[in-house]
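Student: Could you walk me through this one? I'm new to it, so please go slowly.

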Amino acid sequence: MTSAENERGGRGGLGRASFWDRLFASDHVAGWLFVSPAVVLIGLFGAAPIVWSLIISFQRNSLDTSGVWIGLANYRHLMHDPAFAASVRRTIVYTVLFVPITLFSAMAVAVALNRRLHGMRFYRTAVFAPVVTSTVATAIMFSWLLDPYFGIINLFLNKLGGPSQGFFQDPSQALYCIVLVTVWGWLGFAVVIYLAALQGIPRELLEAAEIDGATRWRAFWRVQFPLLGPTTLFLVVWLSINALQEFDEIYVITHGGPLASTTVVVYYLFQQAFAFFDAGYATAIAYVVFLGILALTVVQLLLGRKLVHYRS
Amino acid sequence: MSRLRISFWAMIAFVVVLVAPLAVAGCGGSSKSSSTISFWQGYTDIERTAIEQSVADFNATNPGFKVQAVFAGNNDYALTKLRTALAAGKAPDISYQYGSSMALLAKLPQVVDLSAKVKEPGFDWNDFFPAVRLATMANGKVLGVPALVDNLALVYNKKLFDQAGVPYPTAQWTWDDFRAAAKKLTNTSAKQFGWAYINDGSEDTVWRFLALLWQAGGDLLTPDNTKAAFNSPAGLKAMTLLYDMANQDHSIYLDSGNDNYLNVFNSGKIAMLWTGPWDISSINSGVKYGVQILPGDVSHATIAGPDNYAIIANGSQRVDDAWKFLSWYLSPEEHLKFAIATGDLPIRESETKLPDYTNVFLKKYPADAVFVANLNNVTKARPNIAAYPKISADLGQAVQAVLLGKLTPQQALQQAEQQANADIAAGM
């Protein structure tokens, strides 16, 4: 028992403490006070905008003049907007490519890095470097590498006898190039998570598999892979949430083009809000995206409960 | 006093220390003294220095009130910033705004209608170039005074012309001359291009097309701004020129919007640009370049990108003070000083008659002579209507589709026309 609890017990027992004394002495008050700076900040810059944007989504609102209440009109418009539907399709294509590619390459890299090797720290640092590089810098670098006229990638392609590619300037390639850039940027993050998980797997399990005559490949699939399940689930959820909100690289490299081929849903939202000043419509999109992400996450977690093996 | 209660008060102090700066930051903006006019601008480099110099000169000679120049972030966000500031009740007195934002400013009741003020005899409104006056108006009201004007002209690399044996562009160049020269100046194996076009579908894509459209005698909208008018023989001619140059001659370097075109021009890989005075200062000193007015079809029309100073209503005294400052700041002598410092073009006809214009300005910026003369080729302005950003986006997609060869000029124009008419009808 701490002295504080002693004291409170003593006072309460005697029944002399005033309301204020009891309030000040309560753990609840102390607890709330400790978290109050965070609560104030999150409330001010997190919760308030969330509520406010819900209100705006029911208005015709251009951010400056006070909005006009139009009920569900923004949401109805959304259901019949082919440009929005197209942006959702692109977002799904992007996510379906980005998440598995990142996961499997990260798993491969993490297994490769999970051993004692001379200079391992350098390799691990190198793999993580893109994560701490600003997305804008990454984007500019790739826009040069993949420049159709003067980029080094096309130079190599030509040297090998291949034709030059349009990359970010070809409507049928641009979205895939964005996948490439973002996988590169996110890989290190997933690798670090996988590395930590791999190092948490007891050696004895692998040794036991070895004694039973399992090859390394088999040991990986039968022992390590299932034990990585919870980590994989976490990464699937986390990467999906981020993929559905992809924006930075597209904003910097392609501006949603060419021919809207990289206008994913958050970029479309940005255009509505800050190019056309249609804040009501933009916040309606934001809420649909939010509900979409929420639904997907719930499904992923429910599926995960069935598929993922948790060690007791 | 118990240990717990001491820590309680310590915690209160802790919270106050954490939250107080927020509160102070939140209130700081509103405590400006009534005798200081705040002037929001978005320049960093030479322009910022020149603006601050002018403001200091004004403050030194003007006893009644002071002006404070505030850097409010990149001008690209000036409209968003102003709207946010108005929503928060902390608007400046003077705000630098793009000409293309005027229609949206017209919707804000706080932006002062200057129609009567500009007609005051001392201001000499008709002395401003017609192009810059046009760009201050929306809904029949004058909503700002001119801050800057520029226009598109043909900037070319002399060395590449010499190498290819192509004579330099003349003021009489037709589209055919331009296209033929661009083709001759293109060398695919050396990755050299005759021309560059910004192909990101943004306003950068659109305004060059508008120059082409006007040159062919067409226009964007009907005179009453109620319907799209660009799906016309002139529009088709302009789109076809772009289609043929990009897809038959392959003489256009398509810039994805990352503004690499200027680096590529500096590397001697692009022969001609359609650009304005703002790019001149970024051309490397080793590159010998010339400036000529744009080639022509029916006319040699160009497009101006004029920006304005809007006055925000923060009480009639402050409006009068802001007006007094701007009248002084935009007087011919004062603006010429600014132009000499920055290389920006004059905005008044009478500036070009002042001795320093020929003796100092043109000596320092020889290329600007063509841009100033080119102001006479600015006969039309983009329509100042609220639907313009959407129409621009529609047309940007059409131009992009044509440059990439994904749609024929006819298809692209039809599609953009339908979308633009729908956007105008929606009244956005």
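This is a predicted model: local features need pLDDT of at least 70, side-chain atom pairs count only at pLDDT 80 or more; totals for chains, interfaces and linings use all residues.

Student: Okay, and which residues of H2(B) are buried?

Tutor: Those are Ile51(B), Ser54(B) and Phe58(B). Seen down the axis of H2(B), they fall within an arc of 60°, so they line one face of the helix; the arc is that of the directions from the helix axis to the C-beta atoms.

Student: Why would residues spaced like that point the same way?

Tutor: Because an α-helix has 3.6 residues a turn, residues three or four places apart point the same way.

Student: What do the buried residues of H2(B) pack against?

Tutor: They pack against strands E1 (36–41) and E2 (66–71) and helices H12 (316–329) and H13 (332–342) of chain B. Here helices (H or I, at least four residues) and strands (E, at least two) are DSSP runs, numbered from the N terminus.

Student: New topic: how is chain B divided?

Tutor: Chain B has domain 1 (1–27), domain 2 (36–143 + 306–377) and domain 3 (153–304 + 380–425), with bounds that come from an automatic or database domain assignment. Taken over C-alpha atoms, the centres of domain 2 and domain 3 of chain B are 29 Å apart.

Student: How many residues of those two are in contact?

Tutor: In chain B, 20 residues of domain 2 are in contact with 18 residues of domain 3, where contact requires that the C-beta atoms of two residues, placed from the backbone, lie within 7 Å. On the domain 2 side of chain B, H15(B) gives the most, with four residues. That side divides into 13 nonpolar, four polar and three charged residues; Ala, Val, Leu, Ile, Met, Phe, Trp, Tyr, Cys and Pro count as nonpolar, Asp, Glu, Lys and Arg as charged, and the others, Gly among them, as polar.

Student: And chain A, what is its secondary structure?

Tutor: Chain A comes to 15 helices and two strands. Its radius of gyration, taken over C-alpha atoms, is 26 Å, well over the 20 Å that the globule rule (2.2 Å times the number of residues to the power 0.38) gives for 312 residues, so chain A is more spread out than a compact globule. Chain A is divided into domain 1 (3–56) and domain 2 (75–307), and the C-alpha centres of these domains of chain A lie 41 Å apart.

Student: How much of chain A counts as buried?

Tutor: Of its 312 residues, 29% count as buried. In helix H14 (265–274) of chain A, eight of the 10 residues are buried, so this helix is largely enclosed by the rest of the structure. Among them are Val265(A), Tyr268(A) and Gln272(A), and the buried residues of H14(A) pack against helices H5 (82–113), H13 (248–253) and H15 (279–307) of chain A.

Note on methods: Residues are numbered from 1 along each chain as its sequence is written. Chains are lettered from A and ligands numbered from 1 in the order in which they are written. A residue is buried if 20 or more other C-beta atoms lie within 10 Å of its own, exposed if 12 or fewer, and partly exposed in between; C-beta atoms are placed from the backbone.
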